[in-house]
Amino acid sequence: MKHSSPLRSRSSASAAAVPHLLLVDDTEDDIRLLADMLHAEFRLSFAFDGHQGYQRAVAAKPDLILMDVRMPRMDGFAACRLLKADPATQAIPVLFLSAALLPSEKLEGLRIGAVDYIAKPFEAEEVRARVQIHLKLAAQSRLALAAPLPPATVIADGTDDDAVLVRAAQALIVAHLDALPSLAEIASKVGTHEKRLTAAFRSLLGQTVFGYAREARIQQACRLLSTSSVSIDTIAAQVGFQTSANFSTAFKERMGVPPSVYRSRTTMVTE
């Protein structure tokens with residue numbers, strides 16, 4: 001779709017001072033409607049699926065992204081996970097603007113790092129108001145929007161595609177230790193396929209995806225045992241073990257002592 005914007009006639013200096021928005025939607029009518037609403041106030045770029053949106057965000061570093069959820073090739077959730085896993089784009093505010101309105105969909109969008117979720121069909125004034133609010137908030141604070149992974153599970157810094165995929169998958173795994181998705185689901189949710197994700201984990205971490213997940217479960221259990229009074233049975237469930245017996249066996253194999261002994265030793269050290 002070609003869309004002429006009055007901003008094209010501005011000088012490069014004045015254009016640079018105007019906030020830059022990236023609009024990501026596979027529906028041409030919605031892109032056109034958004035462009036008509038926003039072109040007088042903002043510089044606009046366009047993408048038509050999540051993969052293209054992620055690539056253009058990396059290249060252009062927009063001030064804010066308005067993105068649909070249900071799109072072909074890569075959906076908005078997968079694109080958002082990549083954006084939040086990439087140091088080059090993780091601070092860019094993402095606003096979902098979608099007809100995917102199930103409560104679970106809204107919650108997932110916010111949990112993976114979006115700052116807002118606007119329902120379609122949308123009101124022009126509401127979209128403009130929310131965009132202005134989040135641009136102002138972003139200008140006040142450039143703190144990363146995604147929660148950091150536990151120190152022992154963060155991989156080396158990097159912005160190449162495989163590093164971004166691995167960080168996105170790590171964040172997804174750590175957030176779902178209690179009910180880990182299948183390998184195919186994990187790969188899909190970060191916009192790739194099983195073979196590539198497995199190869200990326202082996203290359204960057206020297207382990208499989210589920211090897212990483214096993215280690216993340218034990219590390220999370222160690223933190224809970226050391227810093228909380230939650231029962232061992234509850235901790236076992238929270239980190240994804242079906243029974244406390246299975247948890248105790250796996251924990252002892254990795255840490256050399258049962259969970260109860262580990263708790264008593266680490267509690268004595270911290271008191």
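Predicted model: local features only at pLDDT ≥ 70, side-chain atom pairs only at ≥ 80, totals over all residues.
Colleague: Why are helix 7 and helix 9 called roughly perpendicular?

Modeller: Look at the crossing angle. The axes of helix 7 (residues 161-175) and helix 9 (residues 194-205) cross at roughly 100 degrees. Angles of 65 to 115 degrees count as roughly perpendicular. Helix 7 and helix 9 are therefore roughly perpendicular to each other. Their axes come within 9 Å.

Colleague: Which residues in helix 7 meet which residues in helix 9?

Modeller: From helix 7, they include Leu 165, Val 166, Ala 169 and Ile 173. From helix 9, they include Leu 197, Ala 200, Phe 201 and Leu 204. By class, this contact of helix 7 with helix 9 has ten nonpolar, one polar and three charged residues.

Colleague: What is the angle between helix 4 and helix 7, and what does that make them?

Modeller: Helix 4 and helix 7 pack at about 105 degrees, with their axes 8 Å apart. The range for roughly perpendicular is 65 to 115 degrees. So helix 4 is roughly perpendicular to helix 7. Helix 4 brings Arg 81, Leu 82 and Ala 85 to the contact. Helix 7 brings Val 164, Leu 165, Arg 167, Ala 168 and Leu 172. These residues divide into six nonpolar, no polar and two charged.

Colleague: What stands out about phi of Lys 61?

Modeller: Lys 61 has a positive phi of about 50 degrees, yet Lys 61 is not a glycine. Most residues other than glycine have a negative phi. Lys 61 lies in the loop between helix 3 (50-60) and strand 3 (64-67).

Colleague: Why is Lys 61 called partly exposed?

Modeller: Its relative accessible area is 42%. Buried means under 20%, and exposed means over 50%. The value for Lys 61 falls in between, so Lys 61 is partly exposed.

Colleague: How do you know whether Arg 73 is buried or exposed?

Modeller: Use the cut-off again. Arg 73 has a relative accessible area of 64%. Exposed means over 50%, so Arg 73 is exposed. Arg 73 also has a positive phi, near 70 degrees. Arg 73 is found in the loop between strand 3 and helix 4 (76-85).

Colleague: Where is the cis peptide bond, and what is its omega?

Modeller: The cis bond joins Lys 120 and Pro 121, with omega about -5 degrees. Most peptide bonds are trans. Pro 121 lies in the loop between strand 5 (116-119) and helix 6 (124-140).

Methods: Residues numbered from 1 in each chain as written. Heavy atoms only, no water. Axes fitted to C-alpha atoms, helices over the stretch in contact; angles between N-to-C directions. Helix = DSSP H or I, 4+ residues; strand = E, 2+ residues; numbered from the N terminus. Parallel < 35°, antiparallel > 145°, perpendicular 65-115°, else oblique. Contact = heavy atoms within 4.5 Å. Nonpolar A, V, L, I, M, F, W, Y, C, P; charged D, E, K, R; others polar. Buried < 20%, exposed > 50% of the residue type's maximum accessible area, 1.4 Å probe, protein only.
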